[in-house]
Amino acid sequence: MASSTTITQQKKPERSLSPWQIARRKFVRNKLAMISSCFIVLVTLMSVSAPFIAPVLSPLPDISKVNISAMNIEPNGEHLLGTDKSGRDVLTRLFYGGRISLLVGFSATLIVITLGTVVGALAGFFGGFIDSILMRFTDFVLNFPFLVFVIVLNTILYGIVDGLWVLIMVIGALSWGGVARLVRSKVLAEKENEYILAALSIGCSPFKVITKHLLPNVISTIIVQGTLIFATMIVIESALSYLGFGVPQATPSWGNMLSSANEPDVLQGKPWIWMPPAIIITLTILSINFIGEGLKDALNPKSLR
Amino acid sequence: MLKYSIRRLLGMIPMLILISIVVFSLAKLMPGDSLSGEIDPLNTSPEYIAEMREKLGYNDPLPVQYFNWITGFVQGDFGKSTRFQIPVFDLIMEKVPNTLLLGVTALVITYIMAFIMGMYSGRRPYTLGDNAIAGFNYVMLAIPSFVAAVFAIYIFAFQLNWFPFAGSVDILVEEGSFEYYMSRMHHVLLPAIVLGAMSTASYTQFLRNDIIENSRKDFVRTARAKGTPMKKIYNVHILRNSIIPLVTFLGFDFAALIGGAIITETIFTYPGIGQLFLESVTSRDYPTLMALTMLLSFLTLFGNLLADILYGVVDPRIRLD
């Protein structure tokens, strides 16, 4: 250090790193998280560009058509992952399925995070009567047996609204309880600080205090939680679709594709139909979890590196 | 403690009433009459149907209908299944032993696996074995239960032929005989392993961290100073302290097992409560659906309550009042 001081004196004083820059550096150095991020980006790109790359990769790019002449073909040079019992190319369906699974997961996460943050921030900031009302409501939602209610609600709403959005809204509306509790506890701790008192004393409105002063200090927790919820939502979507209560059967999603494993014949003798979706679901969940752990580490100011 | 438990039990009542209103409204929102199992499907004359509707109270105002339903429900009259034409109570009771067997076996498997792995990891932290167990647990935590179930059936039932892939008992064995019980155990083992493995990871990591933490405490140093063998310190002194917090997981597991059972039972076509629930949704068997939803909600509430109470029982430092 001593020898380098002479050099640094001539240079312009460097700006110290912002918290976000520090977090980014820590995250980039985390190998597992970086590999996982690359995988997720790859899966997302493939899903988004499915209509363009499907015709290149397979001779049967149309997933809505049943093709009797090409049923149950084992993987070969032409069909890289084979075809399913309706003669549809498995690889093509995998791409299109990713669109639906990721869309459902992402939209539901957005709903959960928004609802949870709003409820949690309001309850934590105002306290008293509003707090107890909102938290009673949160307890109520948390105490529902989740899967049971999703299935019943989905059956009722099915047919009234487009199937996909029913699913997104129902799983979103029933799973924000955990986030609300988390945000509330963080806000409760944060609002005791003096800068909040200062902001209130110069006449900031509650809305401004929450959005400008409280939420930026809670956002790192919300981001980490959001990542983990994204993984959970993908699992829920595919589990429900697998059971036949999720995305409508005609739309390919990873869960719908996996549900062909319900037939013992397919499960036992034609693993190329159900294994690709099973493997890609597991890898996606694992990657998202690794990214979440990496983010948790990177955004934690106490962790060194 | 007793005061707290009673207060919490009483606090469950408004929650249950709210849930019952929601369940009733949901059932009413679904297409069709929710109690039409009472009407003879072969008699289609409009007069008969109108008469039966009046008799069964479908023309009453909704609050009255709700009141009638909930009064019957509290007294154990769950109505008649529209699908099987037998009382829902009997239908559920017929499936309960299967689900109970599955749940208990899954719990036993969870505890055995968690104890072996957790004690090994806790005794030798940061070694190759510990890291391997942590990695294995991470994968088990991430892999969705239904994917695990599908792979388990493929590998253990079809490729290796170790377990049957469906049902709860062989058809040919005589009920009550020794083979009968062996066959049931044989059928329940694979779904129970899949269901039990879900919560093993969190148990193991908890036990490991607790053992490491306890091994640095003063009573361990005292025991070592007195010349107690390390094996005895770990297996008796430390373990006894580390087991206690694990008990609290039991309550939360209740809720997890219910959700898990629906998926696992369906995949393994294991005739239990979860499978009955999904079948009642697909076949629009409303009385069964309503009764099961209420039952599962109650069990979830009860599980959460159990977790809170156990928390106070095992750690007197936590004040519940």
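Predicted model: local features only at pLDDT ≥ 70, side-chain atom pairs only at ≥ 80, totals over all residues.
Helices here are DSSP runs of H or I at least four residues in length, and strands are runs of E of at least two, numbered from the N terminus.

**Fold of chain B**

Chain B holds 12 helices and 0 strands, and along the sequence its pattern reads α-α-α-α-α-α-α-α-α-α-α-α. The chain has 321 residues, of which 33% count as buried. Among contacts in chain B with a separation of 6 or more, 72% join residues 24 or more positions apart.

**Where chain B meets chain A**

The contact draws on 31 residues of chain B and 29 residues of chain A. On the side of chain B that touches chain A, each of the helices below supplies at least two residues.

| Helix of chain B | Residues |
|---|---|
| α1 | 2-29 |
| α5 | 128-142 |
| α6 | 145-159 |
| α10 | 249-267 |
| α11 | 273-282 |
| α12 | 286-314 |

Of these, α6(B) gives the largest share, with 7 residues. By residue type, this side of chain B has 25 nonpolar residues, 6 polar ones and no charged ones.

**A look at B:Ile258**

Let us end with a single residue. B:Ile258 sits in helix α10 of chain B. Is B:Ile258 buried or exposed? B:Ile258 is buried, because 24 other C-beta atoms lie within 10 Å, and the cut-off for buried is 20 or more. From B:Ile258 to B:Phe156 the separation is 102 residues in sequence and 24 Å in space, C-alpha to C-alpha.

Note on methods:
Residues numbered from 1 in each chain as written. Chains lettered and ligands numbered in written order. Contact = placed C-beta atoms within 7 Å. Nonpolar A, V, L, I, M, F, W, Y, C, P; charged D, E, K, R; others polar. Buried ≥ 20, exposed ≤ 12 C-beta atoms within 10 Å, placed from the backbone.
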